[in-house]
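The structure comes first, followed by short notes under headings.

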Amino acid sequence: RAFFHLKQLSVLAVIPFIFINAVLPVVCGCIYIKYYESNPSLAIQKIGENMMLFIPLFSPWLSIFAAKEYLEGEGNELLFIKQKYKYGDLLLPFLLCFVDIFVLVSVISSVFPSLRLLSVWILIVCVFMFNFSYLIMFAFSSVTAAIMVHLLYFVANLSLSAKVNIFPIYF
């Protein structure tokens, strides 16, 4: 079943992998090249900030769009006959993305040992964002609501984290 969830996503399934494996390392490399000459610790800090901002944003991506069939598809009431909440079916796409994130975070923390604690924190935030999205999806029975709340949480954290740390399990 999980294979069919990923197959129905088509292009949406590759977006987080492209971003996590191609775009983010290029951005981190450019930051490192730009700031390393003047201040190496600032370069490492900026890399950690970018990882903390963008990795949790894409961590529940596959699960959110795979849940669309359960919540908004035609005949979705037939999917709820045996078990209403399909946590296991949505957990597999998340674990696929989580393993990819784990590999990237492991490589970056081995290159920059000072980012090891932040790497563990990123993995915890990814699990939090998946569960938070799952809660919103099934509380409101809408994938759109989950995406909107997920993005609002991200934007609010982005704009307010420099002033006050009021968001749980983020920054």
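## Glu-49

A residue is called buried under 20% relative accessible area, exposed over 50%, and partly exposed in between. The model described here is predicted. Glu-49 has a relative accessibility of 29%, so Glu-49 is classed as partly exposed.

Glu-49 lies in helix α3, which covers residues 40-58.

## Overall fold

The protein chain contains eight helices and zero strands. Read from the N terminus, the order of elements is α-α-α-α-α-α-α-α. Of the contacts in the protein chain with a separation of 6 or more, 73% join residues 24 or more positions apart.

## Burial and surface

The protein chain has 171 residues, and 42% of them are buried. Its accessible surface is about 9,400 Å², with 72% belonging to carbon and sulfur atoms.

## Cysteines

How many disulfides does the structure hold? The count is zero. A disulfide requires two cysteine sulfur atoms within 2.5 Å. For Cys-30, the closest cysteine sulfur is that of Cys-28, at 9.4 Å, which is too far for a bond. Cys-126 is also in no disulfide, and the nearest cysteine sulfur, in Cys-97, is 7.5 Å away.

Terms used
Residues numbered from 1 in each chain as written. Predicted model: local features only at pLDDT ≥ 70, side-chain atom pairs only at ≥ 80, totals over all residues. Heavy atoms only, no water. Helix = DSSP H or I, 4+ residues; strand = E, 2+ residues; numbered from the N terminus. Buried < 20%, exposed > 50% of the residue type's maximum accessible area, 1.4 Å probe, protein only. Contact = heavy atoms within 4.5 Å. Areas by Shrake-Rupley, 256 points an atom, 1.4 Å probe, with all protein chains shown as cover.
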